[in-house]
Amino acid sequence: MKKDTILVAVTGVTGNMGQAVMEQLARSPLPLTLRVLILPEDKKRAKRFRKTYAAQLQSGAVQIVYGNLADPAAVCALVRGADYVVNLAAVIPPLSDRRPDLAIECNEKGAGVLVSEIEKAAPQPKLIHISTVALYGNRDEKHPWARVGDPLPVSPYDVYSATKLRGELRVLESEIAQWAVLRQSAMLHKNMLADNMKDGLMFHTCFNAPLEWVTAHDSGVLIAHILERDVKDAPVRGFWKRVFNIGSLAENRITGYDTFDEGFRLIGGSAKDFFRPDRNAVRNFHGVWFADGHKLEELFAYQTQSTAHYWAEIKKAHGYYSLAKILPKGLIRRLAIDPLCKDPNAPAYWKAHGDTGRLTAYFGGERQYDALPAAWEDFPLLREGRRGNGEPADYDALRKTPYAPLDHGFDDAKADEDIDLNDLRAVAKAHGGEYLGGAFVKGDLYTPVKWRTQDGEEFTARPYTVLRAGHWFNRTYKENVWEFDRLARKDRLLAQLWYDTHGKEEAFRYFMDKDLHAGFERE
């Protein structure tokens, strides 16, 4: 591609990843014109964007389109004439927990509108769509390593992950000629501490959850490097029409407990000084270590920052955190942490208000919540070499080498061109369903074919979507209903993960009604 100016349309530029991407694109050696979508109420910020980034760009051009991602007219104006579209827009927790309607509008409907407008564009721009690690659902030490192609049991009541699941599927099944889906890992950004100290969301983080942290800076570098290499190589081979996990440095693979512990070192304490083990969820979270996170690194060389680097930068930028070292830790806990237990997003609030559905989803039930140990010495921390069942574990060894890969229902080491009809049938059968046929030719992963679920419901999807990306239709794909207890009984691929943290005797259905109020019932 040789053009005087390369037009890149970007959504979500006011978010944490969006700002990092803008900073990196503004420094790119490419002759870029950036066109950004900004909500009308953010006009003041838009002016600052233009002033900040236009001066750095070689072309000196920042174009602003005002509108919502779910507004076809605004999105049409955004993508018209673009060479690339980078979709970073997302409504994430805790806002998505408080306003699930906004998550539906942006993550699901907005993604659909964006895809539709790109499909209609002539010529079509290339789409880079940012998805999320949340699609992989809850993980513990039994299967902490994930790969693209693993089943996608998004956590009950997490409307963010459900809407991102549906938005990603719209991209995979689109008529866009060149797209790439990047599943973002847990992200460290400059506002992380402030964002997590004003909501009960922090209590959703499981202490033993595997988390692979990538900084917003490195995510921004990744996007810039993708564009730079794609323009140079025209195009990058092995990248387009693929799903990738955005991995990070090996040392950034830690647990939820480690994350809290590293953060509280800024004020001279530890996680045990400020947290109690009976307040945080023990399941229904989302976090993994990526066994295939190296693939994007090999293509685009973006991984540079460790969690230690991040915390050093935070300390440098916010020196006042060090002043907290002189305060009694009990006082800080009472003033900063304890009040968050009264937040509607906190498990203690669910207990006080009889929210049995959420207590069941996140703990297994009210009885299990009440039985959590109050003392750290009684809590099995993976960080300290103890598995959830109390057995010993070599924590460092677990982090270093991917193990216990999930079965994808076929020989996933096969090259795309070798995938045949038997592979499609095997995967469908493993899901408890059936391959119904279509215009499938050996090695063709992108012509839609027909499938039947274990419930007898027929759907159409490309073989790549099912075999390589891990999607398999269920009710969560069309409404906010989570029935994985029931589905796992017949879906072998789902069961191998679901029963890591759920009992086979569980038979619950989690849902949100038409007014987006949480519901819960036994099957």
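**A walk through the model**

Guide: Start with Asn 480, which is buried, with a relative accessible area of 8%. Buried means under 20% relative accessible area, exposed means over 50%, and partly exposed is in between (1.4 Å probe, protein chains only). This is a predicted model: local features need pLDDT of at least 70, side-chain atom pairs count only at pLDDT 80 or more, and totals for chains, interfaces and linings use all residues. Residues are numbered from 1 along each chain as its sequence is written, and side-chain values use heavy atoms, with hydrogens and water left out.

Visitor: Where is Asn 480 found?

Guide: In the loop between α19 (463-468) and β16 (481-482). Helices (H or I, at least four residues) and strands (E, at least two) are DSSP runs, numbered from the N terminus.

Visitor: Which side chain makes a polar contact with the side chain of Asn 480?

Guide: That of Arg 166, at 3.0 Å. A polar contact is a pair of N or O atoms within 3.5 Å; within protein, one must be able to donate a hydrogen and the other to accept it, and residues adjacent in sequence count only if both atoms are side-chain atoms.

Visitor: And what else is Asn 480 in contact with?

Guide: Leaving aside neighbours within four places in sequence, the list includes Ile 104, Val 159, Ala 162, Tyr 510 and Phe 511. Contact means heavy atoms within 4.5 Å.

Visitor: Switching to aromatics. How many aromatic pairs are there?

Guide: The count comes to 34. Rings of Phe, Tyr and Trp (its six-membered ring) pair if their centres lie within 6.5 Å; planes under 30 degrees apart count as stacked, over 60 as edge-to-face and the rest as tilted. One of the pairs is Phe 260 with Phe 275: the centres are 4.4 Å apart and the planes at 35°, so this pair is tilted.

Visitor: Where do Phe 260 and Phe 275 sit in the chain?

Guide: Phe 260 is in helix α9 (residues 256-264), and Phe 275 is in the loop between α10 (271-274) and β12 (289-290). They are 15 residues apart, and the pair links distant parts of the chain.

Visitor: Which ring does Lys 241 lie over?

Guide: Lys 241 lies over the face of Tyr 446, at 4.2 Å from the ring centre. Arg 358 lies over the face of Tyr 157, at 4.9 Å. The rule: NZ of Lys or CZ of Arg within 6 Å of the ring centre and within 35 degrees of the ring normal.

Visitor: On to helices. Which residues in α12 are buried?

Guide: In α12 (residues 307-317), Thr 307, Tyr 310, Trp 311 and Ile 314 are buried. Seen down the axis, the buried residues of α12 fall within an arc of 95°, so they line one face of the helix. That arc is taken from the directions from the helix axis to the C-beta atoms. The face of α12 turned away from the buried side carries the exposed residues Ala 308 and Lys 316.

Visitor: How many residues of strand β7 are buried?

Guide: Six of six, over residues 179-184. Trp 179, Val 181 and Arg 183 are on one side, with Ala 180, Leu 182 and Gln 184 on the other.

Visitor: What joins β7?

Guide: Six bridges join β5 (residues 126-132) to β7, running parallel. Five bridges join β7 to β10 (residues 242-246), also parallel. Two strands pair if DSSP finds at least two bridges between them. Ile 130 has Leu 182 as its bridge partner in β7, while Val 181 has Val 243 in β10.

Visitor: Now β14. Which of its side chains are buried?

Guide: In β14 (residues 449-452), Val 449 and Trp 451 point to one face and are buried. Four bridges join β14 to β15 (residues 458-461), which run antiparallel. The two form a hairpin with five residues between them, and Gly 456 in the turn has a positive phi of about 85°.
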